[in-house]
Amino acid sequence: MSSSLPQVPPTRIDFSPEDRAWIAARISEVLESGHLTLGRFGQEFETQLAASQGTKHAVVVNSGTASLEIMLRAVDVVGKDVLVPANTFFATAAAVIAAGGRPVLMDTDVATLSTSLKEIEKRLTPKTAGIMIVHIAGFITAEMPAIAEFARKKGLWLMEDAAHAQGSTLDGKHAGTFGLAGSFSFYPTKVMTSAEGGVIVTDDAKLAEEARIYRDQGKASFLQNTHIRMGYNWRMSEPHAVIGLRHLQNLPAMIAARRRIAARYDAGLGTGSNGVRPLLPPTGCMSNYYKYVVMLPDGVERGSLKKWLRERHGVNCSGEVYEFPLHKHEVLRHLDPGDLTQAEAACGRQMCLPIFASMTEAQADQVLAALAAAKAEGLL
Ligand SMILES: Cc1ncc(COP(=O)(O)O)c(C=O)c1O
């Protein structure tokens, strides 16, 4: 049945013909110059990223996982505890482990999918060095200023895994700028991409300098073969920087388009009378709508519902954020402190509706109609 239906994809990565021509011309320049990595396009990408975030420094690297590990290495977490949400992507915790620290999992605030200050206070240990906040789906918790103030008073660093939240703000302040440093990912599913890539943003000159050392094999400088840190090859290539530069130029328009689709969903779904309850951004937060999350009523089997929406209505929902909390993954089970019930509830009951910059209002209406049909059939 689905083959005759117009399909709504879960997400789409858009490069217009103009974008592709712009990128091709500059990659050709890069190839001609022979300067393929750590060159002028990378520097330009960093300048523009810092300007768009309002930070003094931006250091581009080859993934959002690399940016996390570099920030953590720069502050030295060896033998220390780092507070990390249970509801996040694997890399948030894996980077702590790779940098020599121990992730201490925090439960989820179901209203924001983030972490509350109360939960942070509860999970502090004598070895806690800092707090990693993740802005799930692009939502920034309204408690961010209070969390930053708490960290300052306790002498802990605060960092943000802002992989989902490029362009999101809280009372005008950008994600990634509330603490010592912020990490972003340019993986292709994100609101903008450089194919692969990531960036560290910070106002701290020392941290930025350390990040540049770490990303290039821990070398004292580009032209010096003296290794002074346990770095790695975390460099971003020039072709990746060119792709990222173009998408960064398009970012404000791409986010505005996502917000228009989100507003249409908000209007169509109301406060939950249609069976699903949209997760609304915290007060003061302008989300980039990396994801549009809805909460399902108790007892709904998400997998079957997603299959039905796909097969009967051509509506392809994306992966959740996240399907399981970290302690449910085989390799991270040892991190389970035993009481992460809200994280389990948040992961179990959410579903992410299709959303992307080039999505049409007709596609959004197709999703809303599919949900209404699911409700009428008693699936919701
Ligand atoms: C929350 C979060 N942290 C870290 C990452 C890792 O980023 P990357 O895939 O660029 O390494 C991702 C995305 O994939 C993510 O969603």
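Three strands make up an open sheet in the order β7-β6-β13, with antiparallel pairing, where strands are DSSP runs (E, at least two residues) and helices likewise (H or I, at least four), numbered from the N terminus, and two strands pair if DSSP finds at least two bridges between them. The model is predicted, and local features need pLDDT of at least 70, side-chain atom pairs count only at pLDDT 80 or more, and totals for chains, interfaces and linings use all residues. Residues are numbered from 1 along each chain as its sequence is written.

- The edge strands, β7 (173-174) and β13 (285-286), each pair on one side only.
- Strand β6 (residues 169-170) pairs with β13 in the antiparallel sense over two bridges, and threonine 169 stands opposite methionine 286 in β13.

**Domains**
- An automatic or database assignment gives domain 1 (17-245) and domain 2 (250-376), whose C-alpha centres lie 25 Å apart.
- In domain 1, 31 residues are in contact with 31 residues of domain 2, contact requiring C-beta atoms, placed from the backbone, within 7 Å.
- On the side of domain 1 that touches domain 2, α4, β3 (102-106) and β6 each supply at least two residues, and by class this side has 17 nonpolar, 11 polar and three charged residues (nonpolar: Ala, Val, Leu, Ile, Met, Phe, Trp, Tyr, Cys and Pro; charged: Asp, Glu, Lys and Arg; polar: the others, Gly among them).

**Ligand shell**
- The ligand is surrounded by 14 residues, of which the closest are Ser63, Gly64, Thr65, Ala163 and Ser185, a residue being near if its C-beta atom, placed from the backbone, lies within 6 Å.
- Helices α3 (64-75) and α4 (90-98) each supply at least two residues of this shell, which divides into five nonpolar, eight polar and one charged.

How values were computed. Contact = placed C-beta atoms within 7 Å.
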